[in-house]
Structures are given as C-alpha cells and as structure tokens.
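Please open the structure in a viewer and keep the selection panel at hand.

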Amino acid sequence: MKLKKMLCTAAAALLALALAACGGATPPPAAAPSGAASVGSAGSADADFTIGIVQYTQHSSLDEICAAVQNELEVLAATADVKLNVIVKNGQGDAPTINDICSLFVADKVDLIIPIATPAATSAAAATQGTGIPLVFSAVTDPVEAQLVESMEAPGGSVTGTSDYIDTSLILKLATTQNPELKKLGLIYNLGEPNSVATIAKTKPILEEQGIAYVESTVTTPGEVQMAAQKLISEGAEAIFVPIDNTVASAMSVLADEAIKAGVPVYTAADSMVRDGGLATTGVNYTRLGELTAQMAFKVLYEKADPASMAVQVLNDGIVTVNTTTAEALGIDPDVFDPGEGYVAVE
Ligand code: TRP
C-alpha cells in the first residue's frame, strides 16, 4: 500500500479548521479529537488515506449515519492496520457552505469523499468532476434521478454508494390499515430535494389508484414547516405523509406537535422522524446503511475497487417503527401497525 504524504502545512491547518462532529453538539465517539489510534486527527501527515465526510444537514438520521460511517471506518482501519485521516463537516443545510466544504476537500486532495444525503452528494459530484477523487455516498434515495450514477447496477463513473430507497406503498399501507376510510392525505416536502421529488412522484399514482385525494405543502427551509403543516390541516388532510425529506426531518418535532394538536397522524419515510414524534413508518436501519457505506469506501481506497462497476447497495429492511406516545396522544392502538412479526416501539 502506498503511503501518501499529501498534506502540506497550510492544508493541514485548513483541515484542522475543518474538523467538526456530525451532529455538532454531541460528537459521536469516533469524532472525538482524541480519536482511536487508527483514525488520525485532522492534519495528520502520516495517514495512509484521507477521507472527507460531508453531512448535508443536522437531523437525527444523518447524525446516526455519520456516526456509523466513522465507527465502521475505525473498525476497518484497525483490522487492516491502516491509518485513516477522517475529516467530518456538516453543511447545515446551506448550499454555499456545502459547496465550500467540497471545494476544500478537493483543494486538499482528499483520497475519497463520503457525502451523506442527496444534496451533499450532488454538490460533491460537481466539485470532484474531472479530479479523479472517488465519491461513496450514503443514504441517497434515488441516485439515478439525482444524476449521480448511470444505473444502480453499473454507476459508470467515479461515484457509487448506498441508497435508502423504499417502496412508499408500504408506508401508505400503514395509513390505510389504521384508517381504511382515508380520503385525503397531506404531503409535505422540499421541492428542491430530488430525493423527495422522486418519492412524491411515485406516491401520487398510488394515491390516485386507491382513490385517495391529496393536498400538498412545499417548504424551502425547516422554519417553514409549521405553517406548511397548518395549511395541510386547514385543507382537511386526515393524515400526513412525509417522504425522506431532509428539510422536514430537521423540523420534525414541530410538525409532530402541530399534527398531534389537530389529531392528525403523520406517516414518515424514516424511523428517525417517528422517533422525533411522527406516528409510524416502515424502512431502513440507518446504522447498517452507514456501516455499508464505510465498507464500500474502504474497498475503493484499500482494495482499489472501481466505483464505476460497484453497484449501488440498497437496504430494504422493512422494519416497522411506531411512536407509542404519539399513538396514545392520537387515541390509536399501536398494535394495528404490527405486520405480524412485531414492530419497533419508540416513545
Ligand atoms: N435519503 C435522504 C436523501 O437522499 C437522506 C436521509 C437519510 C433522510 N435519512 C433520512 C432524510 C431521514 C430525511 C429523514 O437525501
């Protein structure tokens, strides 16, 4: 294996500035500056490889993924006796900030970038174009729609990764199981997130087929979620569906509060949004998704695997998660969501 001495002093200083934890306030263990022996601190010039992680924004699911990626990288590095320099940055949902982070990674010639969530991945793809720096993205719902890969099986370029693509008909089924008379569903999402747009586009025909009308509210920032929720409720939404939308996820507790006040159940496309007060979902284990992402990244770096021919890995765990506190507040028996083999109950 080749040892790369790529970090000049100035770059090391920049990288040191760049070191940040996934979630900001509560850094996961691997992000602690003291770190484990196998994961060098930012700017360590004797690392075998430098990896830049860019997390799109702060919400509990992306924090979970980021921590899982780092922990798994640490395990893999220790097993292979490789010294990794892992730099973690959070874009705080701000496009110029994310672009700056990606440009910094490119300027510092990191060996690989792991963007977490679609908007981070598209920004990283633009920044690395023509540089040869590989990308292994995490939790991109629809990488083809986001134009990151040519196909799921054969990405074709220097970009591959993991996807949390889910079948929304399974989530809608939770809603119609709880309320077979459901006539009007509210949809809330950010039109600027390709992950949400792709999910909503697939959801609408299913609703039409089932004779369920829908009303929509779109947001551009988490601050708009409360009003958007009130609008859906005033338009007579009997239940609300949230796709895998980062903007809504960042304000999920606000949406949950509004909905509970109005007696409206919220079905979400991710377990984190149920933990944050939504009623129920069926989906993916994001810790596993993060670990899988780290394994793919390690393969690219250590085994020199070619992202062009590494299929995008889709996890589809079908785990039902129900918030029992929310269920109680809505007067709903959480057991109606039991698919037969039980569900994960959160409070
Ligand atoms: N799949 C989302 C994307 O493509 C990212 C994501 C992961 C997410 N977990 C989530 C979004 C939970 C909302 C809630 O960008």
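Which helices each supply at least two residues of the shell around the ligand? In this predicted model, the helices to select are α2, α4 (118–128), α8 (246–249) and α10 (271–275). Of these, α2 gives the most to the shell, with three residues.

Select α2 next, residues 60–80. This helix has 21 residues, and the distance from its first C-alpha to its last is 30 Å, close to the 30 Å expected at 1.5 Å a residue. Just after α2, select Asp81, where phi is positive, at about 55°.

Now display the shell around the ligand, which holds 20 residues. By class, 11 are nonpolar, seven are polar and two are charged. The residues that come nearest to the ligand are Ser61, Thr118, Ala139, Thr141 and Asp164.

Select Ser61: a polar atom of its side chain lies 2.8 Å from a nitrogen atom of the ligand. Move to Asp164, where an N or O atom of the side chain is 2.7 Å from a nitrogen atom of the ligand. At Asn195, a side-chain N or O atom is 3.3 Å from an oxygen atom of the ligand.

Is the ligand surface buried or exposed? Taken alone, the ligand exposes 370 Å², and the protein buries 100% of that area. Finally, display the cavities: the ligand sits in the largest cavity.

Methods:
Residues numbered from 1 in each chain as written. Predicted model: local features only at pLDDT ≥ 70, side-chain atom pairs only at ≥ 80, totals over all residues. Heavy atoms only, no water. Helix = DSSP H or I, 4+ residues; strand = E, 2+ residues; numbered from the N terminus. Expected span 1.5 Å × (residues − 1). Near = heavy atom within 4 Å. Polar contact = N/O pair within 3.5 Å; in protein donor to acceptor, adjacent residues only side chain to side chain. Areas by Shrake-Rupley, 256 points an atom, 1.4 Å probe, with all protein chains shown as cover. 1 Å grid on protein atoms, 1.4 Å probe; cavity = no way out; pocket = protein on both sides within 12 Å on 5 of 7 lines; lining within 4 Å. Sits in = over half its atoms within 2 Å of the grid points. Nonpolar A, V, L, I, M, F, W, Y, C, P; charged D, E, K, R; others polar.
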